[in-house]
Amino acid sequence: DGTFSLRLPTVPDSTRHEIYFASVRHDGILYFGPAVTLAVQLDSVYEIHTWDTAMVASAGTPLTVEVRNLFLEQDSARSWQVTDLFQVRNDGKRTLVAAPEGLVWRYPLAAGATNPVLGPGGDVATDAASFENGDLVIRAPLPPGERLFVARYRVADPFLDLTLPGVTEHLDILVREPAPPLNAPGFTAMDRVELEPGTTYRRYAATQVRDGHVKLTRGETPRPPPVRWYAVVLATLLA
């Protein structure tokens, strides 16, 4: 009937960095329960959620991008390092699985992206994702709910060129200063963000983007006020 019980060798103790969890295989997909790190967690029922599966087309299926955050910072080689975070959502009630030799989801990175790698902190194993023709490609099963994917790559400059297929509910671009002036059509310039003491990022935000295309361009460098002419005018008025 799906119920189970397990006897643990010790009571969980977070000071010893102990983590217990259980998993179950259903329809060939391995599902994991939440981590148990505290003794108080043993007082509640431990649940592992599973779902039936649905095979998608070999080219993948569209998914809603709930949040996408791009962090840009210049490196020592004068190129720009991008950390690209995708929080996608499977709105269905089945786990999406790839067809033989197919994939589940793909999404384009910024144009001109080089040396892409999977970043830490994502919800997919390194052997279940790849980069093909400038796209992030996911082949791992995607259960209902949210999943986080992290890609890191380089671009030549901060003037990003982004293709945004489908629906992107919230998009943030954060550029570490110093950086050249930027124009971000379709974005709202937000207050600067200090992620670390002494490190500030310019932030540009957009919401509810559907099948969009975004290209950041170089803005105009603010010119200093003509102090000399101000002085001449002021002297004339005083005279």
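Predicted model: local features only at pLDDT ≥ 70, side-chain atom pairs only at ≥ 80, totals over all residues.

Me: Why is Asp 172 called buried?

Reply: Buried means under 20% relative accessible area, exposed means over 50%, and partly exposed lies in between (1.4 Å probe, protein chains only). Asp 172 has a relative accessible area of 7%, so it is buried. Asp 172 belongs to strand β12, residues 161–176; strands (E, at least two residues) are DSSP runs, numbered from the N terminus.

Me: What makes the pairing of Asp 172 with His 170 a polar contact?

Reply: A polar contact is a pair of N or O atoms within 3.5 Å; within protein, one must be able to donate a hydrogen and the other to accept it, and residues adjacent in sequence count only if both atoms are side-chain atoms. The side chains of Asp 172 and His 170 make such a contact at 3.2 Å.

Me: Which residues does Thr 10 touch, beyond its neighbours within four places in sequence?

Reply: Contact means heavy atoms within 4.5 Å. With those neighbours set aside, Thr 10 is in contact with Arg 16, Glu 18 and Tyr 20. Its side chain also forms polar contacts with the side chains of Glu 18, at 3.5 Å, and Tyr 20, at 2.7 Å.

Me: What is noted about phi of His 17, and why is His 17 called exposed?

Reply: Phi of His 17 is near 55 degrees, a positive value in a residue other than glycine. His 17 is exposed because its relative accessible area is 71%.

Me: What is the peptide bond from Glu 177 to Pro 178, and where is Pro 178?

Reply: That bond is cis, with omega near 5 degrees. Pro 178 sits in the loop between β12 and β13 (182–183).

Me: What makes two rings a pair, and how many aromatic pairs are there?

Reply: Rings of Phe, Tyr and Trp (its six-membered ring) pair if their centres lie within 6.5 Å. By this rule there are 8 aromatic pairs. Ring pairs join Phe 86, Trp 105, Tyr 107 and Phe 149 into a cluster.

Me: What makes a space a pocket, and what is the volume of the largest pocket?

Reply: On a 1 Å grid over the protein atoms alone, a pocket is an open set of points where a 1.4 Å probe fits, with protein on both sides within 12 Å along at least five of seven lines; lining residues have an atom within 4 Å of a point. Volume is the space filled by probe spheres set on the points, which are joined across faces, edges and corners. The largest pocket has a volume of about 370 Å³. Its lining comprises 19 residues, with Leu 30, Phe 32, Pro 141, Pro 143 and Arg 147 nearest its centre.

Methods:
Residues numbered from 1 in each chain as written. Heavy atoms only, no water. Phe/Tyr/Trp six-rings, centres within 6.5 Å; stacked < 30°, edge-to-face > 60°. Helix = DSSP H or I, 4+ residues; strand = E, 2+ residues; numbered from the N terminus.
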